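Dear colleague,

Please find below the structure that I am handing over to you. A summary of the findings follows it.

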Amino acid sequence: MKARQVISLEVEDKPGVLSRISTLFSRRGYNVDSLTVGHTHQPGISRFTIVVQGDERTLEQIRKQSQKLIHVLTTTHLEKESSVMREFALVKLEYNEDTSQQINELVDLYGARMLDSTDGALIVEFSGTERKIDLVFEELKELPVLESIRTGKLGMKIGK
Amino acid sequence: MSEPANISQAQMTGAQALVKTLEMLEVDTIFGYPGGANLPIYDALRNSKIQHILARHEQGAIHMAEGYARIMGKPGVCLATSGPGVTNLITGLADAYLDSIPLVVITGQIPRALIGTDAFQEVDCINITMPVTKHNELIFEEENVVPSLKAAFYIADSGRKGPVLLDFPKDVLSNKFPHHFDHEVKLRGYNPTVVGNIGQIKKALRLLAKAERPLILFGGGITIAKAEQEFLQFIRTTKIPVVRTLMGTGVIADNDPYYIGLIGTHGNSIANRVVQRDADVVMAIGTRLGNRSVIKSHLFAKNAKVIHIDIDPAEIGKSVTIDIPIVGDIKVTLQTMNERVSKRPLGHEEPWITNNYQERTTMLPTKDAASVMEDIFVELSKIDIPLHVSTDVGRHQMWANHHCTNPKHLPLLTSGGLGTMGFGLPAAIGAWFAGQDTPVVCLSGDGSFMMTLQEFSVAVEHKVPLTVIILNDFRLGMIRELQDAQYGSRHTVHDLHRCTNFPKLAEAMGGMGYSVKRREQIGPVLREALNNPLPTLIDFDMEKLLDSIHLSLNPIAS
């Protein structure tokens with residue numbers, strides 16, 4: 001059954017590692033919904049969280065093919081029940097007398113943070129589950145959004 | 001070799017360090033082509049014992065390295081320059097990648113300061129070659145020259161073997177640096193599984209013991225793992241019949257009672273039938289179960305439970321559903337299996353099916369060039385001396401796979417996964433440089449030979465005992481065959497015409513050419529060409545030969 005799956009890759013932070021991962025995924029026809037990458041607490045180690053569409057077999061292949069890359073250290077399937085996942089978003093909104101009340105309510109409701117206000121443009125940070133960010137973006141349809149960006153998922157397995 | 005005491009830390013150029021590392025790794029032969037960016041390496045090679053074979057095109061160099069690697073069972077080394085040097089290597093890299101041939105490919109790159117500026121002969125080597133290499137790396141720091149090179153040999157020659165490419169900017173090669181040589185290879189993210197899981201092995205043996213019609217399907221992995229003896233011991237002890245893929249030549253004799261045939265689109269129908277329909281347990285060993293072998297993955301072994309042994313976990317379950325996966329080195333895994341079955345036999349008294357050699361090999365007489373090809377390969381197989389035989393790609397490749405049966409000529413060096421026309425000639429030349437004083441033969445067609453024929457000149461230069469056999473039907477035979485089968489015999493672009501005089505071409509390049517037009521000449525000319533110390537080429541005129549065969553078969557004419 002095709003479903004969205006989340007895979008976490010622990011990789012050596014070598015030049016071209018992003019290219020290796022993305023080349024592999026496009027070459028083998030894996031559909032990527034989102035991909036995030038960043039450093040970890042260990043020097044020289046980065047972590048990818050990749051959301052892909054695929055059935056069990058595809059997922060198995062993705063893990064095995066990724067594991068074949070010399071710079072990939074571990075691959076983990078992040079399952080809903082046994083992991084936490086978060087997404088971040090930045091949204092720039094037209095902030096004026098007409099919109100301020102609605103924006104303030106939204107910020108309160110979703111526990112967002114106002115990061116900057118310049119020339120009547122307010123930048124707000126949202127974070128939470130993918131579902132929560134989806135809801136935020138639903139509500140934003142009613143508001144004068146100037147610019148927006150979502151990070152895609154970050155994930156981590158629970159327990160030791 | 002006497003070495004200075006402080007050898008572990010000496011000021012030398014990157015190129016000198018590179019050559020010194022190759023010597024430490026016991027590289028004896030490199031196939032290559034020079035250019036601006038790799039000249040520092042050529043300068044350093046002047047004082048080395050390493051033999052450099054100058055190809056006439058980088059594609060020739062890399063196929064030679066493949067032929068060498070296949071015979072030696074260790075990585076072939078290939079050297080090319082930046083830009084077009086790199087792009088000319090792509091076919092060979094892809095070929096080696098698909099057929100799991102260990103290569104270390106060294107390319108020169110433009111100096112670091114110019115990278116990314118579209119400088120002269122600059123291409124993005126790493127990104128171009130990424131999908132067709134097991135691993136590749138741009139060596140951006142002098143200190144990485146030696147450790148990366150050592151790692152490249154280790155990666156290429158372990159686990160599932162394959163090509164590794166290292167790209168060296170010219171200034172990294174030219175700058176002096178205190179290079180170290182005593183690193184050990186440490187790769188955190190690379191630990192190939194060698195020993196198969198014992199629980200899985202036991203499960204597999206239990207399944208085989210319970211089976212009524214167990215079958216083994218094997219591919220080129222047996223030869224790559226050097227596991228021929230272990231394999232034969234296993235099937236003889238357990239009485240399990242076998243079928244093979246195109247890459248599995250030379251493991252078991254064609255007339256062996258346990259051998260049922262070749263599977264796949266160009267295989268024997270009996271072999272395809274037993275694997276698709278008859279067997280109740282199939283154990284696949286050292287094959288990636290590619291689409292040309294299994295034909296239709298949903299029909300593959302449809303009445304059987306499937307065990308799959310392979311060194312590459314990603315091949316298991318990729319295209320066919322597997323009941324018992326075993327990841328591990330084939331030799332080690334078969335040793336374990338042999339130990340277990342010697343203590344606890346599987347209980348099969350005799351194979352449930354045996355080699356029907358007569359039925360499988362007797363072809364109906366056809367008015368087709370195929371019958372001539374068969375004659376030529378049968379005559380070649382009668383020449384009972386050791387030969388390394390390569391093929392090109394096309395009809396002759398498939399017929400050679402069926403009819404080249406002399407074990408002294410096997411395994412065939414053939415391009416299985418990529419199907420590279422032009423592989424045969426350079427691969428045969430590379431096989432000669434693998435030593436062992438064995439003459440080499442390239443089986444080719446008039447189409448394939450034209451793709452890399454310039455390498456004949458290398459054979460002449462080095463007095464390689466090479467015989468090129470051209471099965472000349474004056475056309476692209478397999479294209480015609482496909483157009484017959486799938487495009488209502490609407491023939492287009494398959495005709496090569498009688499434009500080229502191949503024997504004269506061979507002579508112009510310094511070799512010897514023969515032309516064969518009559519059937520009774522086949523054997524004698526083959527023997528004469530193989531005895532000729534010059535590189536030779538035999539042009540078999542398939543049309544004339546076909547006519548002569550029909551004449552000789554016709555009682556009135558005789």
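**Salt bridges and the contact between the chains**

A network of salt bridges links Lys68(A), Arg160(B), Asp312(B), Glu315(B) and Lys318(B). Please note that this is a predicted model.

Asp312(B) and Lys68(A) join their side chains in a salt bridge, with N and O 2.5 Å apart. Across the interface of chain B and chain A, one salt bridge is found. Nine residue pairs are in polar contact across that interface. On the side of chain B that touches chain A, the largest share, three residues, is supplied by strand E6 (residues 135-138) of chain B. That side comprises 10 nonpolar, seven polar and five charged residues.

As to the extent of the contact, chain B contributes 22 residues and chain A 19 residues. The area buried between the chains is about 1,600 Å², and carbon and sulfur atoms give 49% of this area. In chain B, the residues that lose the most area to chain A are Met130(B), Arg188(B) and Gly189(B), which together account for 31% of what that side buries.

Glu315(B) lies in the loop between strand E13 (305-310) and strand E14 (324-327), and Arg160(B) in the loop between helix H7 (145-156) and strand E7 (163-169), so the pair ties together parts of chain B that are 155 residues apart in sequence. Glu315(B) is buried, at 6% relative accessibility, and Arg160(B) is buried as well, at 16%.

Two further salt bridges may be of interest. In chain B, the side chains of Arg273(B) and Asp278(B) meet at 3.2 Å, N to O. Arg273(B) is partly exposed, with a relative accessible area of 34%, whereas Asp278(B) counts as buried at 16%. In chain A, the side chains of Asp33(A) and Arg4(A) form a salt bridge of 2.8 Å, N to O. This pair links distant parts of the chain, 29 residues apart: Asp33(A) belongs to strand E2 (residues 31-39) and Arg4(A) to strand E1 (residues 3-12). Asp33(A) is partly exposed, with a relative accessible area of 38%, and Arg4(A) is partly exposed at 41%. Over all chains, the structure holds 32 salt bridges.

Finally, an unreviewed UniProt entry annotates residues 12-125 of chain B as "domain: Thiamine pyrophosphate enzyme N-terminal TPP-binding". Over these residues the chain is 41% helix and 19% strand, and the end C-alpha atoms are 26 Å apart.

With kind regards

Notes
Residues are numbered from 1 along each chain as its sequence is written. Chains are lettered from A and ligands numbered from 1 in the order in which they are written. This is a predicted model: local features need pLDDT of at least 70, side-chain atom pairs count only at pLDDT 80 or more; totals for chains, interfaces and linings use all residues. Side-chain values use heavy atoms; hydrogens and water are left out. UniProt positions are given in the numbering used here, feature names are shortened, and annotations may be inferred rather than shown by experiment. Helices (H or I, at least four residues) and strands (E, at least two) are DSSP runs, numbered from the N terminus. Contact means heavy atoms within 4.5 Å. Buried area is the accessible area (1.4 Å probe) that two parts lose on being put together, summed over both. A salt bridge is a side-chain nitrogen of Lys or Arg within 4 Å of a carboxyl oxygen of Asp or Glu. A polar contact is a pair of N or O atoms within 3.5 Å; within protein, one must be able to donate a hydrogen and the other to accept it, and residues adjacent in sequence count only if both atoms are side-chain atoms. Ala, Val, Leu, Ile, Met, Phe, Trp, Tyr, Cys and Pro count as nonpolar, Asp, Glu, Lys and Arg as charged, and the others, Gly among them, as polar. Buried means under 20% relative accessible area, exposed over 50%, partly exposed in between (1.4 Å probe, protein chains only).
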